[in-house]
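Please read it alongside the sequence and the structure displayed below.

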Amino acid sequence: MLHTRTPWLRAAAPVAVLALSLTACGPKQDAAVSTTGSATDGEQTSAEAAARTGTEPTGPEGGDGALASGQSGTGPYREESGKITYEVAAQKVRVGTEADAKKMVQDPKNANGLVAATAYVKYTNKGPGVVTGLAKVANGAAFYADGQRGGLLIGTPGNLPGCEDPVDIDDWRVGESHVICQTYMIPKGAKSLEVRWTADGAAAPLVWKFTPTD
């Protein structure tokens, strides 16, 4: 499921412009913008992951094939309060316009040829305990467009329609679900979009594929 050319990201612009960090995507950046493209807490190379112990993520195809939008897989993620097993489902992706993207960066020229895409991912705590403190599970997520990793936008608000801000999630109990959204800069016109989530210690991520439609 995918929606394009929608105005929802305009609500994010006023906050995002104040505190942006763009990684691993697009043309040259402002001095305040990182281009290192370092992996998130949950995303590792296969060699790094293989050296660690953990439970492989599982899904309808054993975690090796792509899942459809809304389909879920499971895997562990280490939170400050301990290792938690999560059920994870990428629900949808919403892609904006280049004009929207230009409003979300300090220098509009840095968004030339880019659009902002928001991934909606539902996480369900399957136990064994309560997640206390700031949940980190969304750090295991990443976004790819035509095989290129998107740049995560830091500073976009968590109050987009249908999204929750991890800062507002207290004592995440077993059985509770929350939809956490992340916004990325990706090349305009990308044909293949993927949301990936890597469980703690996993050699391969769960993958959801989306196809843009005009």
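## A buried aspartate and its polar contact

A polar contact is a pair of N or O atoms within 3.5 Å, where one must be able to donate a hydrogen and the other to accept it. In this predicted model, the side chains of Asp-200 and Lys-83 make such a contact, at 3.5 Å. Asp-200 belongs to the loop between β10 and β11. Its relative accessibility is 8%, and Asp-200 therefore counts as buried, the cut-off being under 20%.

## Salt bridges

The whole structure contains 5 salt bridges. One of them joins the side chains of Glu-80 and Lys-136, with an N to O distance of 3.7 Å. This pair connects distant parts of the chain, 56 residues apart: Glu-80 lies in the loop between β3 (73-79) and β4 (82-95), and Lys-136 in the loop between β5 (114-125) and β6 (141-145). Glu-80 is exposed, at 59% relative accessibility, whereas Lys-136 is partly exposed, at 30%.

A salt bridge also forms between the side chains of Lys-188 and Glu-98, at 3.4 Å from N to O. Here the partners are 90 residues apart, with Lys-188 in the loop between β9 (177-187) and β10 (193-197) and Glu-98 in helix α3 (residues 98-102). Lys-188 has a relative accessible area of 52% and is therefore exposed.

In the salt bridge of Glu-194 with Lys-209, the closest N and O atoms are 3.9 Å apart. Glu-194 counts as buried at 13% relative accessibility, while Lys-209 is partly exposed with a relative accessible area of 49%.

Salt bridges link Glu-194, Arg-196 and Lys-209 in a network. Arg-196 also has an aromatic neighbour: its charged end sits over the ring of Tyr-144, 3.6 Å from the ring centre. In another contact of this kind, Lys-92 lies over the face of Tyr-120, at 4.7 Å from the ring centre.

## The five-stranded sheet

An open sheet of 5 strands runs in the order β2-β11-β10-β6-β7, with mixed pairing. The edges are β2 (66-67) and β7 (148-149); each has a single partner strand, so one side of each is left without a neighbour in the sheet. Gln-148 in β7 stands opposite Ala-145.

## Aromatic pairs

The model holds 4 aromatic pairs. Among them, Tyr-77 and Trp-197 form a tilted pair, with 6.1 Å between centres and 40° between the planes. Tyr-77 in strand β3 and Trp-197 in strand β10 are 120 residues apart, and the pair thus links distant parts of the chain. Both residues, Tyr-77 and Trp-197, are buried.

Tyr-86 and Tyr-123 form an edge-to-face pair, at 6.5 Å centre to centre and 80° between the planes. This pair likewise links distant parts of the chain, Tyr-86 in strand β4 and Tyr-123 in strand β5, 37 residues apart. Tyr-86 is buried with a relative accessible area of 0%, and Tyr-123 counts as buried at 1% relative accessibility. Ring pairs join Tyr-86 and Tyr-123 with Trp-172 in a cluster.

Note on methods: Residues numbered from 1 in each chain as written. Predicted model: local features only at pLDDT ≥ 70, side-chain atom pairs only at ≥ 80, totals over all residues. Heavy atoms only, no water. Salt bridge = Lys/Arg side-chain N within 4 Å of Asp/Glu carboxyl O. Helix = DSSP H or I, 4+ residues; strand = E, 2+ residues; numbered from the N terminus. Buried < 20%, exposed > 50% of the residue type's maximum accessible area, 1.4 Å probe, protein only. Pairing = 2+ DSSP bridges. Phe/Tyr/Trp six-rings, centres within 6.5 Å; stacked < 30°, edge-to-face > 60°. Lys NZ or Arg CZ within 6 Å of the ring centre and 35° of its normal.
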